[in-house]
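Biologist: I am new to this structure. Please take me through one part of it closely: the surroundings of the ligands.

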Amino acid sequence: MTDPDTISAGAGPMPIPGHIDPVPLPRDVTPRADGRVDLIGLPKARITELFAAAGLDAKAAKLRAKQVFHWLYHRGVTDFSAMTDIAKTMRPWLAERFVVGRPEVVEAQHSRDGTRKWLLRTADGHDFEMVFIPDADRGTLCVSSQVGCTLNCRFCHTGTMRLVRNLTPGEIVGQVMLARDALGEWPKGRMDGLEIEEDEGGYSADGRLLTNIVMMGMGEPLYNFDNVRDALRLVMDGDGLALSKRRITLSTSGVIPMMARCGEEIGVNLAVSLHAVSKDVRDEIVPINKKYGLEDLLAACAAYPGASNARRITFEYVMLKDKNDSDADARELVRLLRKYDLPAKVNLIPFNPWPGAPYACSTPERIRRFSDIVFEAGISAPVRTPRGRDIDAACGQLRTAAEKKSRAERDREDVERIHAEKQAALG
Ligand code: SAH
Ligand code: SF4
């Protein structure tokens, strides 16, 4: 494996930010051809700096940045000409130098059960996806952090794709902006602070459908830590999208060295893709386990800043027939969670099959029995209902469906080859 410190900037593969894990990134972001800067994804302080560098004096830069930030994140405006409290002459000045971007929508699907899924494209032409899952009392947006994934969990379709690149903070927060656009959820208020009354109904106090965010789309968020943190800070900013950290969950396959920083610097709820309770099985289905083992992972969970009985850690467990679904597995799961004294809940996820997948989903009876054993030990273990199956709304499946015709034949070979390569890289 390559040492990140020996790779020179700009030449060849780039190390993962933070120098924690030397996973090579094939390419970085391509800058915009027209030279304008996309403001989405930048913190207010950076916008202020850019305005000052473009010629505004310090006071004006600060004021304009505050106004623009509010329009971007509170109103969802994408056009400078709509920013009515900014001088008319100033608006074209901004438009010449800056843009307010959104990921391009390649395809939008609506499931019979209300689940919505979007295939999105970055400005430099890479596809990734986002899913919105409405429930009785909440609406959850499942956000991607990378195009592809460097890890290769054997049951996960994203794991068969190469990592193309990390998503930028703008592309990550851009997903939330786009979902609000699509759901029509920007306040229609006035800039003097007097909000126009919104329709009653919906789930949240302010009538919005999008109430929760989970970093559970494509990619491993803790392998793109800086960008995910910067994006989530914008999502949580009181002057911005203003979503509470209690309504945001970050899911990791177990990048132990980044977990404490996730708690300290982002402070969101943690979900851990556990999926197995023995070294052998976890090594097979979640190969990062060879690098960061099960017991160390559980110890890191016990030390996660902010974890408590009021804010429990979610352990995700995908139900794979005859692989990880026995009564003994369920009892071992209980033993491990008790051993580390974890404030835990367990999410049992019926495996969503994809072409060429080497596993099948456990039977409903088996899943029920597994859930009962965990539940009887006093740990909540709901079975997640599969959502949006008619539109393949599971991780990594829309992008692949779009490529299906050309890829169908190569699919199997690719799965095998990429698994072999990634496993070799993990050592
Ligand atoms: N990389 C992070 C977050 C993205 S994956 C992680 O692994 O936690 C989000 C969740 O989707 C994970 O828990 C993963 O196990 C689950 N998942 C992936 N493929 C699936 C499939 N085919 N069926 C059911 N769940 C799947
Ligand atoms: Fe990557 Fe998560 Fe899929 Fe594993 S489950 S391959 S970490 S996206």
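Modeller: The protein chain averages a pLDDT of 84. A score of at least 70 is reached by 80% of the residues. Among the elements of the chain, helix 9 (residues 327-339) has the highest mean pLDDT, 98. Helix 11 (residues 397-407) has the lowest, 47. Two stretches also call for care. Over residues 1-20 the pLDDT stays under 50, and the model has 27 contacts beyond four places in sequence for them. Residues 190-202 are below 50 too, with 19 contacts in the model beyond near neighbours in sequence. Where pLDDT is low, the predicted coordinates should not be read in detail.

Now to ligand 1. Around this ligand there are 21 residues. Gly219, Ser251, Ser273, His275 and Asn352 come nearest. By class, the shell holds 11 nonpolar, eight polar and two charged residues. Three strands each supply at least two residues of that shell: strand 10 (248-252), strand 12 (313-319) and strand 13 (344-350).

Next, look at single atoms. The backbone of Gly219 places an N or O atom 2.8 Å from a nitrogen atom of ligand 1. His275 works through its side chain: a polar atom there lies 2.7 Å from an oxygen atom of the ligand. Glu316 also uses its side chain, with an N or O atom 2.9 Å from an oxygen atom of ligand 1. On its own, ligand 1 has 540 Å² of accessible area, and the protein covers 93% of this.

Ligand 2 comes next. Its surrounding residues are Cys149, Leu151, Cys153, Cys156, Gly159, Gly219 and Ser253. The shell of ligand 2 divides into four nonpolar and three polar residues, with no charged ones.

One last stop is away from the ligand lists. A search of the whole structure finds three aromatic pairs. One of them joins Phe69 and Tyr73, which are tilted, at 4.8 Å centre to centre and 50° between the planes. Both sit in helix 2 (residues 58-75), and because they are four residues apart there, about one helical turn separates them.

Methods: Residues numbered from 1 in each chain as written. Chains lettered and ligands numbered in written order. Heavy atoms only, no water. Near = heavy atom within 4 Å. Polar contact = N/O pair within 3.5 Å; in protein donor to acceptor, adjacent residues only side chain to side chain. Areas by Shrake-Rupley, 256 points an atom, 1.4 Å probe, with all protein chains shown as cover. Nonpolar A, V, L, I, M, F, W, Y, C, P; charged D, E, K, R; others polar. pLDDT = per-residue confidence, 0-100. Contact = heavy atoms within 4.5 Å. Phe/Tyr/Trp six-rings, centres within 6.5 Å; stacked < 30°, edge-to-face > 60°.
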